[in-house]
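Hi,

Here is the structure I said I would pass on. Have a look at it, and then read on for what turned up.

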Amino acid sequence: MSKDLDHMETQTTKAKFSTIASPEKEVTTKRARTAKQQEAPKTLPITSKEKSDSNYMEELRIALQPIQSAIQDLSQQLKTFNDSIDRILTRMDKTEARVLENEIKIDQLQKEQKNNDTNIKSIQQKLTDLEARSRRNNLIIRGIPEQVTQFDLLESISEIFSAFLDKEPLSDKLIIDRAHRALRPAFDKLNPRPVYIKILNYQHVYKLTSAAKKKIHRTEG
């Protein structure tokens with residue numbers, strides 16, 4: 001009997017303890033819930049001013065889109081323009097290099113041309129000298145009648161030379177290389193064509209001309 005009473009008292013005590021501990025547990029639960037509510041972000045209501053600002057920003061963003069697109073197009077055009085300028089500059093550099101190379105070649109050609117001109121001038125002087133030397137053996141006799149044919153021309157010339165050299169005979173034989181009349185046609189017999197003569201030995205030419213000048217001088221005197 002006493003045991004049953006003790007058991008009952010023990011159960012009663014536990015029930016009292018449980019009844020006493022429950023309010024504390026509720027307080028702890030409320031505090032935890034409050035802490036969670038404080039930790040959670042607070043969602044504030046959106047005011048009309050904020051809505052207006054948001055609409056303005058959206059409108060501004062939409063209005064700026066064409067400008068941004070135009071800026072992108074302009075940037076692309078500038079890039080294309082810069083690429084074109086780079087290509088033009090490259091071509092200009094190549095062109096300048098070619099022009100410089102051509103100028104160097106032109107200078108060289110001008111120097112060569114100057115040397116050629118000098119050489120040509122020297123050759124012309126030599127040719128003139130040779131021509132003069134070759135012509136100094138030539139004589140012209142005027143007044144031989146046209147009736148004297150080409151076959152008799154050498155004989156007539158020899159007689160004329162013998163008359164000039166009557167007092168100054170030649171040391172060796174006079175050799176006439178060639179003799180012919182002027183190639184133009186004869187206009188009349190009173191004005192016969194001159195006769196061109198080439199003598200091989202210049203000394204003979206000199207003696208003949210000297211003798212002719214002396215005879216003319218004696219005749220005029």
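Glu131 and Arg135 both sit in helix H2, 4 residues apart, or about one turn of the helix. Their side chains meet in a salt bridge, at 2.6 Å from N to O. Glu131 is partly exposed, because its relative accessible area is 37%, while Arg135 comes out at 53% and so counts as exposed. Bear in mind throughout that this is a predicted model.

How many salt bridges does the structure hold? The count is 6. One of them links Arg178 to Asp177, with the closest N and O atoms 2.9 Å apart. Both residues count as partly exposed, Arg178 at 44% relative accessibility and Asp177 at 37%. Then there is a network: Glu146, Arg181 and Arg193 are joined by salt bridges that share partners. As a general point, side chains of opposite charge can pair when their charged atoms come close.

The largest pocket has about 240 Å³ of space. It is lined by 13 residues, and the closest to its centre are Ile140, Ile141, Phe164, Leu208 and Ala212. Strand S1 (138–141), helix H3 (150–164) and helix H4 (202–220) are the elements that each give two or more residues to the lining. H4 gives the most, with 6 residues. By type, the lining splits into 9 nonpolar, 1 polar and 3 charged residues.

There is also a nonpolar patch on the surface, formed by Tyr56, Met57, Leu60, Leu64, Ile67 and Ile71, with about 570 Å² of accessible area together. Ile67 belongs to helix H2 (residues 48–135) and counts as partly exposed because its relative accessibility is 46%.

Ser156 is 12 residues from Ile144 in sequence, and their C-alpha atoms are 8.2 Å apart in space.

Cheers

Definitions and conventions:
Residues are numbered from 1 along each chain as its sequence is written. This is a predicted model: local features need pLDDT of at least 70, side-chain atom pairs count only at pLDDT 80 or more; totals for chains, interfaces and linings use all residues. Side-chain values use heavy atoms; hydrogens and water are left out. On a 1 Å grid over the protein atoms alone, a cavity is a set of points where a 1.4 Å probe fits but cannot get out, and a pocket is an open set with protein on both sides within 12 Å along at least five of seven lines; lining residues have an atom within 4 Å of a point. Grid points are joined across faces, edges and corners, and a volume is the space filled by probe spheres set on the points. Ala, Val, Leu, Ile, Met, Phe, Trp, Tyr, Cys and Pro count as nonpolar, Asp, Glu, Lys and Arg as charged, and the others, Gly among them, as polar. Patches are made of residues with over 30% relative accessible area and no salt bridge: like charges are joined within 9 Å, nonpolar side chains (Val, Leu, Ile, Met, Phe, Trp, Tyr) within 5 Å. Accessible areas come from the Shrake-Rupley method with a 1.4 Å probe; for residues, only the protein chains shown count as cover. A salt bridge is a side-chain nitrogen of Lys or Arg within 4 Å of a carboxyl oxygen of Asp or Glu. Buried means under 20% relative accessible area, exposed over 50%, partly exposed in between (1.4 Å probe, protein chains only).
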